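Dear colleague,

Please find below the structure that I am handing over to you.

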Amino acid sequence: MIPFAEARQFVLDRCEPLAPAERSLNDALGAVLAFDAVAAEAVPPFANSGMDGYAVRAADVAAAAEGRPVRLRVAGTIAAGAAPDIAVTPGVAVRIMTGAPIPPGADAVVMVERSERVGDNEVDLTQAAPFGLHVRAAGDDVPAGTQVVAAGTRLHPAHLGVLASVNIRRPMVVPRPRVGVISTGDELVDDGRALAPGQIRESNRPTLVAALRSYGFDAVDLGTVADDHHALTQALPAAAAAYDAVVTSGGVSMGDFDLVKVVLEELADMRWMQIDIRPAKPFAFGVLNGTPVFGLPGNPVSSLVSLSLLGVPGLRRRAGRADLDLPQVTARAGSGLGRRPDGRTAYLRVRCRWADGGLVAEPVGQQGSHHLAATATANALAVLPDGDGVAEGGQVTVVLLHDPFVT
Ligand code: AMP
Ligand code: MG
């Protein structure tokens with residue numbers, strides 16, 4: 001067995017970040033910005049009103065108050081998108097809408113709620129507006145020439161809006177990796193037909209495709225490949241050529257028909273590993289014509305754990321990210337988290353909840369590597385170093401399966 005840290009490092013060393021490429025903003029969510037984005041323009045580009053109301057000279061309304069209105073002549077109306085071509089002179093107000101440019105001469109806005117129209121041409125204002133009230137200055141959000149998003153930032157929704165606001169519409173990003181997902185196994189049925197003796201329903205692809213997507217990768221379902229040397233020899237290079245990474249499940253263990261590792265050995269720069277963790281001990285990782293291939297074990301729980309612990313850091317590195325692993329936090333064991341010494345680190349499926357200001361982890365029941373139904377109720381993996389586990393109330397490190405820091 002090799003230490004988990006060594007297996008992880010082996011993967012990281014072979015997952016090169018993708019080359020930066022231009023993406024539209026609608027296709028850049030979760031991608032890593034490849035340059036320092038600097039605003040060529042100020043945001044907002046001009047001083048504008050923060051309220052629907054009346055643009056005024058602050059000096060004109062200094063004496064206004066509830067019950068003591070100041071009456072001004074209304075010289076016109078400026079809508080958002082209109083040019084500010086009506087001047088505000090002493091004794092004059094201009095009706096103004098949110099986002100409309102502040103007209104020349106005005107230096108404050110009284111909101112419409114503090115106004116009453118008098119006939120067609122006059123208004124009573126009942127609020128003293130200090131200089132600058134409800135005026136959003138040019139560059140108040142982003143002064144021209146400032147950096148708005150730093151290189152290396154993973155783009156969240158508001159980042160995309162910020163880039164749009166400074167007219168960067170096709171940023172250079174390290175793109176989200178496209179990951180082809182393949183299941184292997186003669187026993188697998190995925191088309192709804194009745195099971196023949198020995199057959200089972202295929203379940204890894206829906207799990208792995210969804211997990212990858214939830215982690216921000218563009219996963220593509222490439223179907224099932226039989227435990228057949230020829231078929232795998234065709235399918236693996238085809239997937240490697242079409243995608244930025246390939247994830248397979250099954251066929252990397254010690255069985256006579258575990259051919260994924262055999263074919264990868266022949267075609268790729270591949271290492272087959274027995275890692276000191278439970279579940280997910282067997283793991284094959286290779287680079288096939290430049291594309292990383294993650295050969296996950298077939299057992300449903302093992303494949304998910306393997307993806308979470310080894311696939312995620314490798315793929316995040318490929319995505320240009322610096323935060324490689326799923327978050328780990330400390331929790332309290334809500335009941336005993338038992339295990340037996342076996343020279344391996346156990347990753348127990350647990351359900352974490354907030355209680356008394358902290359996380360409490362409860363095991364989800366069945367912990368076999370085929371117990372997918374129980375695993376589906378888990379939201380974290382409790383990391384139990386070799387030994388006897390953690391007693392109720394003890395501290396335990398948990399890996400959060402649903403990364404709260406991912407958009
Ligand atoms: P393997 O790693 O190919 O030896 O598979 C280990 C176990 O996982 C076997 O019981 C397989 O039937 C099962 N298994 C492998 N692939 C899948 C899959 N895609 N869906 C459900 N079970 C699977
Ligand atoms: Mg198999």
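To begin with the helices, helix 3 passes helix 6 in a right-handed crossing (a crossing is right-handed if the near helix is turned clockwise from the far one by less than a right angle, and left-handed if anticlockwise). Helices (H or I, at least four residues) and strands (E, at least two) are DSSP runs, numbered from the N terminus. The axes of helix 3 (residues 204-214) and helix 6 (residues 300-318) come within 11 Å and cross at roughly 30°; axes are lines fitted to C-alpha atoms, for helices over the stretch in contact, and angles run from 0 to 180 degrees between N-to-C directions. Helix 3 is therefore roughly parallel to helix 6, a term that applies to angles under 35 degrees.

In this contact (heavy atoms within 4.5 Å), Asn 204, Thr 207, Leu 208, Ala 211 and Leu 212 of helix 3 meet Pro 300, Ser 303, Leu 304, Leu 307 and Leu 315 of helix 6. The residues involved divide into seven nonpolar, three polar and no charged; Ala, Val, Leu, Ile, Met, Phe, Trp, Tyr, Cys and Pro count as nonpolar, Asp, Glu, Lys and Arg as charged, and the others, Gly among them, as polar.

The model is a predicted one, in which local features need pLDDT of at least 70 and side-chain atom pairs count only at pLDDT 80 or more, while totals for chains, interfaces and linings use all residues. Residues are numbered from 1 along each chain as its sequence is written, chains are lettered from A and ligands numbered from 1 in the order in which they are written, and side-chain values use heavy atoms, with hydrogens and water left out.

Turning to the strands, six of them form an open sheet of mixed pairing, in the order 8-5-7-6-10-9; two strands pair if DSSP finds at least two bridges between them. Strand 8 (108-111) and strand 9 stand at the edges with a single partner strand each, so one side of each has no neighbour in the sheet. From one strand to the next, the twist averages 40°.

Strand 6 (residues 70-78) pairs with strand 10 (residues 122-125) in the antiparallel sense over four bridges, and Arg 73 has Glu 122 as its bridge partner. With strand 7 (residues 92-96), strand 6 pairs in the parallel sense, over four bridges; here Val 74 stands opposite Ala 93. In the hairpin of strand 9 and strand 10, with three residues between the strands, Gly 119 takes a positive phi near 65°.

Yours sincerely

Key. Angles under 35 degrees count as roughly parallel, over 145 as roughly antiparallel, 65 to 115 as roughly perpendicular and the rest as oblique.
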